[in-house]
Amino acid sequence: MTEARGYCTLCKSRCGAIYTIESGAMVGVRPDPDHPTGTALCPKGRAAPELVHSPARLTRPLRRTTPRTDPDPKWREIGWEEAMTEISSRLAEFRDTTGPESVAFSVTSASGTPMSDALEWVERFVHLYGSPNISYSTEICNWHKDFAHAFTFGSAQPAPDFPHTDLTVMWGHNPAKTWLSRSVALAEARARGPASRSSTRAGRPPRCRPTTGCGCGRAPTAPSPSDWPTSCCAATAATRSS
Ligand code: SF4
């Protein structure tokens, strides 16, 4: 029995995991606490051995053998070489006859599928092929993050700086259900508590941060936040000289 470090590819959370291999088969998986996103695995990630070895899992290309409208569709397994040759020759045919603009590509959601790590390669391919037509599917919670933000502010929403934030507002977003590693980062930020000046209002001991003082991490002695940098640096200097 051996163990292999890796990460779950089933959504863009990419949770770090340790996989147990026995006789060439994956038999177990657990979170990898040493991985930046390895605090936890959701039920889908924990089901990895079941998914990988499911008899229902597609592992070979299939060719449809009945019309698309057939109520009882049939398929025949074909080899990768045959599938790739047929697909590439048909794409080349369309490009050379009706033009690359006549072909539309469709990409599944990177939020809930292993598409995360392949998305940029697909986009490069479509760009190289010359088609301007590519459509994406995405979850309702993802649409506003990437597109509503861009329409409103001119760019997609950047990654939150959870380690240094004092206040987080979740608006139509539940990372515990949709982005596990982000949920863990949020939980850690909540456990840490407010980090800078607003912490006074929350009743937590303030600390000198690079944004508010010299960044020594001490508790400033002055009661007023406006005096923190000075008093904190003074306290540090006094300690150094003693
Ligand atoms: S949230 Fe679940 S499905 Fe997504 S990467 Fe983590 S374990 Fe995998």
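Q: Why is proline 160 called partly exposed?
A: This is a predicted model, and the call comes from a neighbour count. Proline 160 has 15 C-beta neighbours inside 10 Å. Buried needs 20 or more, and exposed needs 12 or fewer. The count of 15 falls in between, so proline 160 is partly exposed.

Q: Where is proline 160 found, and which residues does proline 160 touch?
A: Proline 160 is in the loop between α5 (140-153) and α6 (175-178). Leaving out residues up to four places away in sequence, proline 160 touches Thr165 and Thr168. Alanine 185 is 25 residues from proline 160 in sequence. Their C-alpha atoms are 9.6 Å apart in space.

Q: What makes arginine 14 buried?
A: Again, the neighbour count. Arginine 14 has 20 C-beta neighbours inside 10 Å. The cut-off for buried is 20 or more, so arginine 14 counts as buried. Arginine 14 is in the loop between β1 and β2. Its phi is positive, about 50°, although arginine 14 is not a glycine.

Q: Why is serine 23 called exposed?
A: Serine 23 has 6 C-beta neighbours inside 10 Å. Exposed means 12 or fewer, so serine 23 counts as exposed. Serine 23 is in the loop between β2 and β3. Serine 23 also has a positive phi of about 50° without being a glycine. The hairpin of β2 and β3 has two residues between the strands.

Q: How do you know that β1 and β2 pair?
A: Count the bridges. Strand β1 (residues 2-7) and strand β2 (residues 16-22) share six bridges. Pairing needs at least two, so these strands count as paired. Their sense is antiparallel. Alanine 4 stands opposite tyrosine 19 in β2.

Q: What joins β2 to β3?
A: Six bridges join β2 to strand β3 (residues 25-31), and the two run antiparallel. Threonine 20 stands opposite glycine 28 in β3.

Q: Which residues of the largest nonpolar core touch the most other members?
A: The core has 14 residues. Tyr7, Cys8, Cys15, Ala17, Val29, Leu41 and Leu180 touch the most other members. The elements giving two or more residues to this core are β2 and α7 (180-192). The most comes from α7, with four residues.

Q: Why does this core lie between domain 1 and domain 3?
A: Domain 1 (2-52) and domain 3 (156-214) both give residues to the core, so the core lies between them.

Q: Which residues is tyrosine 7 in contact with, beyond four places in sequence?
A: Tyrosine 7 is in contact with Arg14, Cys15, Gly16, Ala17 and His35.

Q: How many helices and strands does the protein have, and what share of its residues is buried?
A: The protein has eight helices and seven strands. Of its 242 residues, 13% count as buried. Among contacts with a separation of 6 or more, 37% link residues 24 or more positions apart.

Terms used. Residues are numbered from 1 along each chain as its sequence is written. This is a predicted model: local features need pLDDT of at least 70, side-chain atom pairs count only at pLDDT 80 or more; totals for chains, interfaces and linings use all residues. A nonpolar core is a set of buried Ala, Val, Leu, Ile, Met, Phe, Trp, Tyr and Cys residues joined through C-beta atoms within 7 Å. Domain bounds come from an automatic or database domain assignment. Two residues are in contact if their C-beta atoms, placed from the backbone, lie within 7 Å.
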